[in-house]
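Dear colleague,

Please find below the structure that I am handing over to you, together with its sequence. My findings follow directly after it.

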Amino acid sequence: MMAKTLLAMAIIYAVMVTLMWAFQDRLLYLPNAGREHIATPADQGLAWEAVTLTTEDDVALDAWWIPAPEPRASLLFFHGNAGNISHRLESIAQFQRLGLSVLIVDYRGYGRSEGRPSEAGTALDARAAWHWLRDEAEQEADEIVLFGRSLGAAVAAELAASLDEQQIPPAAVILESPFRSVPNLAQQLYPFLPARWLARIDYPVESYVTRISAPLLVIHSRDDDIIPFAQGEAVYQSAQEPKQLLEIKGSHNTGFLDSEPAYSAGIEAFLREEVGIAR
């Protein structure tokens with residue numbers, strides 16, 4: 001009986017390992033958690049424009065351009081792993097109040113964007129958004145702030161590191177609720193599985209930030225229920241100066257609202273003191 005029990009447990013464990021390896025894309029990318037737009041910036045009283053971006057591999061991406069009335073800079077917004085751009089209206093309104101024009105893009109496979117999400121694909125998506133800001137909105141590199149939340153923090157960090165290699169760094173980088181890397185986070189979340197060795201997706205944020213020269217702000221909540229605060233703290237510790245760490249309160253998905261007005265005040269201070277972007 002003991003042998004049969006152990007065999008059954010081994011089979012169950014092997015099935016779990018196999019499923020995690022085979023379906024990790026579906027665990028990380030959640031585009032179907034809201035494919036349709038639920039609102040537009042007009043519902044927040046904001047002027048906006050629907051934009052279609054085309055990536056290097058010819059994928060059409062859905063994006064919104066929300067210009068500020070008197071912009072101090074432009075913010076390129078990379079959102080988290082679930083939902084679409086229409087679920088980020090409260091964040092967009094916060095950035096508008098800070099005097100920032102916003103370009104927010106849905107990754108391939110998200111919202112109304114074509115394609116299927118992947119690590120290489122999100123990198124191409126980020127580049128398409130950057131080039132649109134430079135070429136169509138006529139923004140200089142030192143007028144663009146990269147912002148990424150959760151999965152978006154990994155996308156923003158990869159883009160920032162790549163731009164540094166090209167010697168065209170952005171004005172600043174803001175990473176909210178970042179993780180060290182997918183293998184590292186997966187191992188912490190699933191300690192009973194060999195998650196670190198099963199991961200086919202990397203997003204090595206901790207490595208990316210070592211190559212970012214632009215002023216960096218890391219935002220994380222100690223109450224984060226999805227990405228532990230220690231992950232964001234490790235990203236901050238790995239980054240080079242100049243850098244700031246803004247601790248907020250609240251859950252992973254609502255911390256930016258739960259911590260108002262300290263959240264916006266922290267970003268304002270960073271933009272003014274570290275980046276030199278005044279109103």
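A residue is called buried here when its relative accessible area is under 20%. By that cut-off tyrosine 107 counts as buried, because its relative accessibility is 1%. Please bear in mind that this is a predicted model.

Overall architecture

The protein chain contains 11 helices and eight strands. It has 279 residues, of which 56% count as buried. Among the contacts with a separation of 6 or more, 75% are between residues 24 or more positions apart. The accessible surface of the chain is about 12500 Å², and carbon and sulfur atoms make up 54% of that area.

The sheet

The eight strands form an open sheet with mixed pairing, in the order S1-S2-S4-S3-S5-S6-S7-S8. S1 and S8 (243–248) are the edge strands; each has a single partner strand, so one side of each is left without a neighbour in the sheet. From one strand to the next, the twist averages 20 degrees.

How enclosed is S3 by the rest of the structure? Six of its six residues are buried, so S3 is largely enclosed. Ala73, Leu75 and Phe77 point one way from this strand, whereas Ser74, Leu76 and Phe78 point the other way, and all are buried. S3 runs parallel to S4, and six bridges join the two. Within this pairing, phenylalanine 77 has isoleucine 104 in S4 as its bridge partner.

Towards the other end of the strand order, S7 (residues 216–221) pairs with S8 in the parallel sense, over six bridges. Here leucine 216 stands opposite lysine 243 of S8.

Two helices deserve mention for the way they lie on these strands. H5 (residues 151–165) lies across S3 (73–78), S5 (144–149) and S6 (172–176), and runs at about 145 degrees to S5. H11 (residues 262–275) lies across S4 (100–105), S5, S6, S7 and S8, and its direction is at about 170 degrees to S8.

Aromatic pairs and charges over rings

Seven aromatic pairs were found in a search of the whole structure. In one of them, the ring centres of tryptophan 48 and tryptophan 64 are 5.4 Å apart and the planes are at 65 degrees, so the pair is edge-to-face. Tryptophan 48 lies in the loop between H2 (24–28) and S1 (49–54), and tryptophan 64 in S2 (residues 60–66), so the pair ties together parts that are 16 residues apart in sequence. Are the two residues buried or exposed? Tryptophan 48 is partly exposed, with a relative accessible area of 32%, while tryptophan 64 counts as buried at 1% relative accessibility.

Tyrosine 107 and tyrosine 110 give another edge-to-face pair, since their ring centres are 5.5 Å apart and their planes are at 85 degrees.

Phe77, Phe95 and Phe147 form one aromatic cluster. Phe77 is also one of the buried residues of S3.

There are also charged groups placed over aromatic rings. The charged end of arginine 149 sits over the ring of phenylalanine 256, 4.1 Å from the ring centre. Lysine 243, which stands opposite leucine 216 in the sheet, lies over the face of tyrosine 236 at 4.6 Å from the ring centre.

Backbone features

Most residues other than glycine have a negative phi, and most peptide bonds are trans. Against that background, the following places may interest you.

The peptide bond from glutamate 241 to proline 242 is cis, with omega near 0 degrees. Proline 242 is in the loop between H9 (229–238) and S8. A cis peptide bond also joins glutamate 260 and proline 261, with omega about 5 degrees. Proline 261 lies in the loop between H10 (255–258) and H11.

Glutamine 167 is not a glycine, yet has a positive phi of about 60 degrees. This glutamine lies in the loop between H5 and S6 and counts as exposed at 70% relative accessibility. Tyrosine 203, likewise not a glycine, has a positive phi of about 45 degrees. Tyrosine 203 is found in the loop between H7 (195–198) and H8 (205–208), and counts as buried at 2% relative accessibility.

With kind regards

Methods. Residues numbered from 1 in each chain as written. Predicted model: local features only at pLDDT ≥ 70, side-chain atom pairs only at ≥ 80, totals over all residues. Heavy atoms only, no water. Helix = DSSP H or I, 4+ residues; strand = E, 2+ residues; numbered from the N terminus. Buried < 20%, exposed > 50% of the residue type's maximum accessible area, 1.4 Å probe, protein only. Contact = heavy atoms within 4.5 Å. Areas by Shrake-Rupley, 256 points an atom, 1.4 Å probe, with all protein chains shown as cover. Phe/Tyr/Trp six-rings, centres within 6.5 Å; stacked < 30°, edge-to-face > 60°. Lys NZ or Arg CZ within 6 Å of the ring centre and 35° of its normal. Pairing = 2+ DSSP bridges. Axes fitted to C-alpha atoms, helices over the stretch in contact; angles between N-to-C directions.
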